[in-house]
Amino acid sequence: MVVMLACVSAFAQNNTKMAETHRWTYGASLAYSFKEPIVAKQYATAAFGNVAIELNSAKCNYRTRLSLGWLERTHVCPFAALDAQYLLALGKTVYIYPSVGVYGETFHKEFNVAAQAGAGLELQFGPRFGIFAEGRYQHLFLNNGGNRIQALAGVKVAFGK
């Protein structure tokens, strides 16, 4: 978080391949949640998928990602997440990024919120296409709380100019 704030305040130019030419990028991912809050044994793991829209900052490698998706246990549970991320270049096309955010979901007509933090690895093959993998930790606050460890992987694209 300190690195993100320092770079934003320094107004460093955004030099990621996709964000150099695109203010908005889009993504989709599939994931697996390794540890669910134990409501019942059948809820110990879950698979999920999502679509995302990212707003890339023009002045630095900061971006905001809004994700909408579903978490599947015994039935589909919709969720939304908002994350702040900062891409650190390891090469011309390889980036790592820390991520912090908030998360909300419905489950059996109940609502739950969580704080989440993680890190990811992203490969941008050009200004229009990339892939990523991310690991994250979630701490749920409502409905008896709990913790989750998640792994996700996906693709991202950019359209237009």
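Predicted model: local features only at pLDDT ≥ 70, side-chain atom pairs only at ≥ 80, totals over all residues.

Me: OK, how many bridges join strand β8 to β9?

Reply: Strand β8 covers residues 129–140, and β9 covers residues 146–157. Pairing takes at least two bridges. β8 and β9 run antiparallel, and the number of bridges joining them is 12.

Me: And how many bridges join β1 to β9?

Reply: β1 spans residues 24–33, and it runs antiparallel to β9. The bridges joining β1 and β9 number eight.

Me: Which residue in β9 is the bridge partner of Ser-29?

Reply: Ser-29 lies in strand β1, so we look across to β9, the strand joined to β1 by eight bridges. Phe-132 stands opposite a glycine in β9, Gly-154. The bridge partner of Ser-29 in β9 is also Gly-154.

Me: Does Ser-29 count as buried or exposed?

Reply: Ser-29 touches Phe-48, Phe-132 and Leu-152, among others. The cut-off for buried is under 20% relative accessible area. Ser-29 has 7% relative accessibility, so it counts as buried.

Me: Now rings. What is the geometry of the pair formed by Phe-48 and Phe-79?

Reply: A search of the whole structure finds four aromatic pairs. In the pair of Phe-48 and Phe-79, the ring centres are 5.7 Å apart and the planes sit at 85°. Planes over 60 degrees apart count as edge-to-face, so this pair is edge-to-face.

Me: How many residues apart are Phe-48 and Phe-79?

Reply: Phe-48 is in strand β2 (residues 46–56) and Phe-79 is in strand β4 (residues 76–86). The pair links distant parts of the chain, with a separation of 31 residues.

Me: Which element gives the most residues to the largest nonpolar core?

Reply: That core has 16 residues, and Phe-48, Leu-71, Phe-79 and Tyr-103 have the most contacts inside it. The elements giving two or more residues are β2, β4, β6 and β8. With four residues, the top contributor is β6.

Me: Last one: which residue lies over the face of Phe-132?

Reply: Arg-63 has its charged end over a ring too, but that ring belongs to Tyr-97, with its centre 5.0 Å away. For Phe-132, the distance to the ring centre is 4.8 Å, and the residue is Arg-65.

Note on methods: Residues numbered from 1 in each chain as written. Heavy atoms only, no water. Phe/Tyr/Trp six-rings, centres within 6.5 Å; stacked < 30°, edge-to-face > 60°. Lys NZ or Arg CZ within 6 Å of the ring centre and 35° of its normal. Buried < 20%, exposed > 50% of the residue type's maximum accessible area, 1.4 Å probe, protein only. Contact = heavy atoms within 4.5 Å. Core = buried A, V, L, I, M, F, W, Y, C linked by side-chain atoms within 4.5 Å. Lists of a residue's contacts leave out its neighbours within four places in sequence.
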